[in-house]
Amino acid sequence: MFKQWSRKFPGLPRKVAEARDFVAALLEGEGSGPVDDALLIVSELATNAVRHTRSGWYGGWFLVVVSFGDDVVRIEVIDAGGDREPLLRSVNSDVEEGGRGLLLVTACAKDWGVQDRPGGRCIWAELARVSE
Ligand SMILES: Nc1ncnc2c1ncn2[C@@H]1O[C@H](COP(=O)(O)OP(=O)(O)OP(=O)(O)O)[C@@H](O)[C@H]1O
Ligand SMILES: [Mg+2]
């Protein structure tokens, strides 16, 4: 990973759009895609942070980190943790509503994972870089 940018956002639903804009501007600056996949990933992960962790509590925050390697773009969302665990629903789940965000992320990412961090978690996803 050669270049890395990060920004911290207040843990509010409307800040998810700002996180998208942040990632879009970085990808544009690098002339790198896939933009649509990257924006889907940051939207889903930031939404999860706000909705499912202490990031969404009063005074909460989430951190977005974007790293560019030669062949890969890595997007990380660091949340403030809590009682829940990121859970991948089965593709054939009967549950019609909800539980699709992480499935979408895993479908478009080359690789992804969850790491414990002090006071929270990092959910990361990597995409193969393409020139836009
Ligand atoms: N960052 C996170 N920290 C803790 N738990 C999480 C986190 N992200 C997701 N989860 C848990 O994993 C479940 C699945 O997440 P997923 O994004 O797939 O579905 P959802 O957020 O419930 O619904 P949708 O994304 O379709 O609106 C969530 O319901 C939540 O319980
Ligand atoms: Mg979700």
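Biologist: Is G113 buried or exposed?
Modeller: The model is a predicted one. G113 lies in strand β5, residues 111-117. Its relative accessibility is 10%, and the cut-off for burial is under 20%, so G113 counts as buried.

Biologist: What distance separates the C-alpha atoms of G113 and L63?
Modeller: These two residues are 50 residues apart along the chain. Their C-alpha atoms are separated by 16 Å.

Biologist: Is A128 buried, partly exposed or exposed?
Modeller: A128 is found in strand β6. The relative accessible area of A128 is 37%. Buried requires under 20% and exposed requires over 50%, so A128 is partly exposed.

Biologist: With which residues is A128 in contact, leaving aside its neighbours within four places in sequence?
Modeller: One distance along the chain gives some context: the C-alpha atoms of A128 and G69, 59 residues apart in sequence, are separated by 9.5 Å. The contacts of A128 beyond its sequence neighbours are G33, P34, D71 and K110.

Biologist: At what angle do helix α1 and helix α2 pack, and is that roughly parallel or roughly antiparallel?
Modeller: Helix α1 covers residues 15-30 and helix α2 covers residues 35-52, with their axes 9 Å apart. The packing angle is about 150°. Angles over 145 degrees count as roughly antiparallel, so α1 is roughly antiparallel to α2.

Biologist: How do the residues of the contact of α1 with α2 divide into nonpolar, polar and charged?
Modeller: On the α1 side the contact is made by V16, A19, R20, V23, A24 and L27. On the α2 side they meet V35, A38, L39, V42, S43, A46 and T47. The division is ten nonpolar, two polar and one charged.

Biologist: What does α2 reach from its first C-alpha to its last?
Modeller: The helix has 18 residues. At 1.5 Å a residue, a span of 26 Å is expected. The model comes close to that, at 25 Å.

Biologist: What covers the buried residues of α2?
Modeller: The buried residues of α2 are A38, L39, I41, V42, S43, L45, A46, N48, A49 and V50. Among these, A38, L39, V42, S43 and A46 also meet α1. The cover includes α1, β3 (61-68), β4 (72-79), α3 (101-108) and β6 (120-128).

Conventions
Residues are numbered from 1 along each chain as its sequence is written. Chains are lettered from A and ligands numbered from 1 in the order in which they are written. This is a predicted model: local features need pLDDT of at least 70, side-chain atom pairs count only at pLDDT 80 or more; totals for chains, interfaces and linings use all residues. Side-chain values use heavy atoms; hydrogens and water are left out. Axes are lines fitted to C-alpha atoms, for helices over the stretch in contact, and angles run from 0 to 180 degrees between N-to-C directions. Helices (H or I, at least four residues) and strands (E, at least two) are DSSP runs, numbered from the N terminus. Angles under 35 degrees count as roughly parallel, over 145 as roughly antiparallel, 65 to 115 as roughly perpendicular and the rest as oblique. Contact means heavy atoms within 4.5 Å. Ala, Val, Leu, Ile, Met, Phe, Trp, Tyr, Cys and Pro count as nonpolar, Asp, Glu, Lys and Arg as charged, and the others, Gly among them, as polar. The expected span of a helix is 1.5 Å times one less than its number of residues. Buried means under 20% relative accessible area, exposed over 50%, partly exposed in between (1.4 Å probe, protein chains only).
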